[in-house]
Every structure is written in structure tokens, then in C-alpha cells.
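Open the model in your viewer and keep the selection tool at hand. This tour goes stop by stop.

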Amino acid sequence: MDDLLLTLKTTFGYGAFRPLQREIIEAALADRDVFALLPTGGGKSLCFQLPALLRPGLTVVVSPLIALMKDQVDQLQAAGVAATYLNSTLDADEARTRLRGLHRGEWRLLYVAPERLMLDNWQENLKAWHVTALAIDEAHCISEWGHDFRPEYRQIAKLREILPGVPVMALTATATDRVRADIIKQLQLRDAATFVASFNRPNLAYRVVPKDQPAKQIIDFVRARETESGIIYCASRATAERVAESLAGRGFPARPYHAGLDAAERTRNQESFLRDETRIICATIAFGMGINKPNVRWVIHHDLPKNIEGYYQETGRAGRDGLPGDCLLLFSAGDIAKQTHFLTEITDEHEQAVARAQLRQIVHYAESAGCRRAELLGYFGEKFPLDNCAACDNCLEPRATYDGTVAAQKFLSCVYRIAQHGRFSVGMNHLTEVLTGADTEKINRWGHDRLTTYGIGKELSRPAWAAVGRELMRLGYLAVAEGEFATLELTPEGREVLRSRAPITLTKPMDLPKAKRVARREGDIACDEILFERLRALRKELADERHVPAYIVFGDATLRQMAREYPTSVREMEGITGVGEKKRAEFGEVFADTIARFLETNPRITFND
């Protein structure tokens, strides 16, 4: 076994690397600048943690969130790694103690926020601490094209002047080609070794359903998953509060998390969730960036996300342990209108245009009849090789289609007649008003009530016509015109299909789902469920004694493997995933004893692979 595998096994308890991890680590140990794009749950942290154990000196990790720092440092210390962090949560005495340790060379990894690195006295500190590597986590924060731009990240490039010979590793879980190029430029990466993993999260299942009585929909969903942890993302603080209260009032352990809560309550709610005391967090997007809770089994979006990158990253917080996760998006046309209204409040024209394009993309995803997985991967420039992913609503239950030629001809004709009449195009709302024969000031002022297409679509509602229009955009017959306003115009393909009257097949809107219980999901590790619950209770007890989240002791995948293989001695723990040397020494005996006692009164179950 080589040094990399040996360190992986003895420190972290894993017998094999995930895709690209070894290559990234080898490039880092060769002192190259590295750009690494790995999906959420793909093992980004290990790419800088393991090299820090094999090279001399200090690895400095720039991280945007305080919660992430403490979380990762707790996990590293539990595995026997000399890691620490410095941030505003520490009192003066504790901060001084850690600084003294840094000057004495006691630590291998230091986590720190970007703004702290730029303080004047830190420049001297960094030069004195024998820094041999820099890792920039959540690197998309440095790009204004990214979904979570943070101006303080732009200061990080100054570290190249302070530490000119130190290699830099930039890591992110989500970035388009444009954002990737911007990260490399902003961080001044030199001849960077670039690694881009697949964006596919095969253990996640994606579903979009029409929003109808969302409180009831969420309660039905949660009731079928009573023992599982999950996150409900909401567009506003008020919604997050309301959903948490609704669930708590029915006996489900749920708490809110948003920027309107004071810091102490936010921290309490987050810690309670990490420790499995609260199973459900109802949150705005303020929650979750970098939260490394591996046993989140599901994520619900109560409201339409602003963009696909945010949606991808938020759904990616489910199933980080590799076990199955469910992702549910509640979708309504009303959410599109709300988001569009928020866009009008953006004063910068360029920012507003970018936000409008992003909104169109997430609406396209929500309404698409195609494979959800293929849609997500396609956004990031990756082609999904299969016709059916077998793990999204559209692949499992394909929606019916119908002959939409007449409806399409009416819509396309209306776009054509309006442009011909006034030499300008209009937006979706105005088109649906003309088709349904609305009596509005603009229709009368522009003379659109005199068009041959005025009122020819009274058989459908305005939302139904808007859905037809959006599908015609997806099919490539309509496009959003360049310019300040999101107006629609015919594409060359749209003109041709209008002229030729070629048949057009449209997809029927989504039906409301029938209530059903959740079955065991493909990919779960089959195990003795009674023993698994007993091991979970033991894990929580040990974690509470140490004041750490439960997964710091062991993850669900580790407990499931124990409940499948029944190791009854410390020696038999050796082959269990996630059990490194320090954890085996600390926890092996108590878990093995619990399993041995369980087997005194319960038979072993044999599992087929």
C-alpha cells in the first residue's frame, strides 16, 4: 500500500479514493497550482486535508462560513489530525493560545475567513508560520458570474504577493465554464492542473410537482420519512418561520434558520440539526453552504430557486454519505411572477439581465418533460449518456403528450402579428392578455384589440397560455430578444413552422402527485434495521458526551455496514468504511460490545448482495 492509500486508510478510514481525488492530491504534492471542481459530496475537503499530512509546514484553508470551519476541524481532530481555526467566535484567550501554537508549528491545517487574512498583522504571521499550501474552498465566491459572489474573496489574490512561492488549490462544487475561467484569472493560478468531475449525483432522485396546499404536501412527504433528516428551503424568512411552526405544531422536530434570527438562535438551531436533535431545518438560502452533515436524506424547495446553480448546490446537501437522497421542488406559475417582481428591484441593468436569464433556465428545468438529471448536467456542459436515469419523475412516470399544433399556431401567430403591427415585440404577459381578449390600457393604446389574433385563445387561461409559450421557447420556436426588456420573438425555426403549419407535439402539464409511502430506495445499504437504530442511539449518546454532531463519531453508511456485517470485536472493525485507526481505538470496543449483546437475543440476518 502506498503512502497516499495508507494515510487514507489509517487516518480517514477509507479503503479507496473517490473519482479524481488521487490525481488532485498528487498534483498538490508536486507543488502545482490546482483547480478542482467536484460535486457536493464528492470529497473536496480530502483533496487538501490529506496532502497537509504528507508535506511539512502549514496548510491554510480559506473558508467563507464559520460553521464550516468548526465542523471540519471537529472531524479532523476526531481523526487525530492537528487542525484548528481562527474566527470571531473565539474569545481573546483562546485566540491567543491558538496563535501561539501556530508560531510553534503545532498545527498542520488552519481554517480562516478571507477578510481576516487581509488584516495588516496577518501578513507577517503568514510569512512566519511556514505556510506551504493555500486551499481556497467555495472558490466560486470569487466570481461575479457565480451564484454566490462575495466581494471579500477578491482580496485573496493578494496572498500571491505575500506568499509568492506557495501553491494554491481552488475548489468548488458548482461552476459553469465562464465561472471556472474567472476563478483561475482572479486567483492568478499559474499553469493550473485542472480537474472537473462529473456533476452527476447518482444517489439523488429528483422530482418536481405542482404546488398545491404546500403545507399538506410537505407534511405528507415528511410523515413518510419520520426518522430522516431533511432541509426545506424557502424564499423568505416569513415562509421559513411559518413552515417550521406548521411542522412543529404537528409533532415534527423542526426549526427555522434565516438571517433575521439573532446569531445565538441561529447557532442553536444549526447545532441542534447537526446533532440530530432537530431533524428538519426550514431555511432561507443563508443555510447550508459548506454544512457537512452527511445524513441529510431529503431536500424540499418550497419555492422556486433563483437559478440552477443554487438549486444544484442546495439539492446536493442530500446524500453526502453516498446513500440515497430525495429532492422535491414544489412549483407554481405564481412563483415565476414573484421572482420576476423581485428582478425589477435590481437597479444594475447587466445584473438584472443575468438574473432574468437564470430565472428562465430554472423555469425551463421545472417545466421540462425531459430527464431532470440530463437537464441539470446539460446546464454544466455535461452530457448524460442514458435516455432514462430511472431516478426522476419524468423518467419514472413520463408525462402524456398531445397534438398542440393549433395552440402553437395561435401563440406563434400572435407573436408575429404584434411585431408586424407595431414593429416591436412584447413580453409573455402581454401576449397572454391579447390571446385571451383582455381589456387593458396597453392593448387599447397599441391597437392590439384590432389584431386578428385578439381573443382567439379564450378556451385557455392566461397561466395555461404562458405554459404553452414557455414550452415553445424550450422547443426553439421562440426566443427572448436581446435588450433591456424580456420580449419574445420568433426564431427562424418558429417562422418556418408557422408558415408550413407542421404538426407540433406539446407535453401535458404536471398532474398533482398521488400520496404514497416511501419505499426503501435503490442504493441504500441493506442492513439489520433494528440494530442500525440501536447503533444510532449509541452514536448520539457518545456524540452528546463530547458535544459534537453525531456524524463526527460515525456516519450512517458506517453504522449500516456494521448492522450488516455484525463485527463483534475491535479487530473485525478493521474492514468497516469510515473507521480509521484513531476512531477504532476510541469507539471500536463500545460498538463491538453493543453488537455482541444485540446478537445474544437477536438472530443474524444474511443479506444477498
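**Stop 1: a charged patch**

Select Glu144, Asp348, Glu349 and Glu351. Together they form a negative surface patch. Patch members have over 30% relative accessible area and no salt bridge, and like charges are joined within 9 Å. Asp and Glu count as negative. The place of a charge is taken as CG of Asp or CD of Glu. Areas come from the Shrake-Rupley method with a 1.4 Å probe. Glutamate 351 lies in helix α15, residues 349-367. Helices are DSSP runs (H or I) of at least four residues, strands (E) of at least two, numbered from the N terminus.

Before moving on, note that this is a predicted model: local features need pLDDT of at least 70, side-chain atom pairs count only at pLDDT 80 or more, and totals for chains, interfaces and linings use all residues. Residues are numbered from 1 along each chain as its sequence is written, and side-chain values use heavy atoms, with hydrogens and water left out.

**Stop 2: strand β8**

Now select residues 204-210, strand β8. Five of its seven residues are buried (under 20% relative accessible area; exposed is over 50%, partly exposed in between, with a 1.4 Å probe and protein chains only). So the strand is largely enclosed by the rest of the structure. Strands pair if DSSP finds at least two bridges between them. Find alanine 205; aspartate 326 in β13 stands opposite.

**Stop 3: salt bridges**

How many salt bridges does the structure hold? There are 37. Each is a side-chain nitrogen of Lys or Arg within 4 Å of a carboxyl oxygen of Asp or Glu.

Start with aspartate 2 and arginine 22, which meet at 2.8 Å, N to O. The pair links distant parts of the chain, 20 residues apart: aspartate 2 is in the segment before α1 (3-12), arginine 22 in helix α2 (residues 21-29). Aspartate 2 is partly exposed, at 34% relative accessibility. Arginine 22 is partly exposed too, at 23%.

Next, select arginine 539 and aspartate 276. Their closest N and O atoms are 3.8 Å apart. Arginine 539 sits in helix α23 (residues 529-546), aspartate 276 in the loop between α12 (263-274) and β11 (280-283), 263 residues apart. Are they buried or exposed? Both are buried.

A network of salt bridges links them.

Finish at glutamate 545 and arginine 546, a salt bridge of 3.5 Å, N to O. Arginine 546 is partly exposed, at 33%.

Methods. Patches are made of residues with over 30% relative accessible area and no salt bridge: like charges are joined within 9 Å, nonpolar side chains (Val, Leu, Ile, Met, Phe, Trp, Tyr) within 5 Å.
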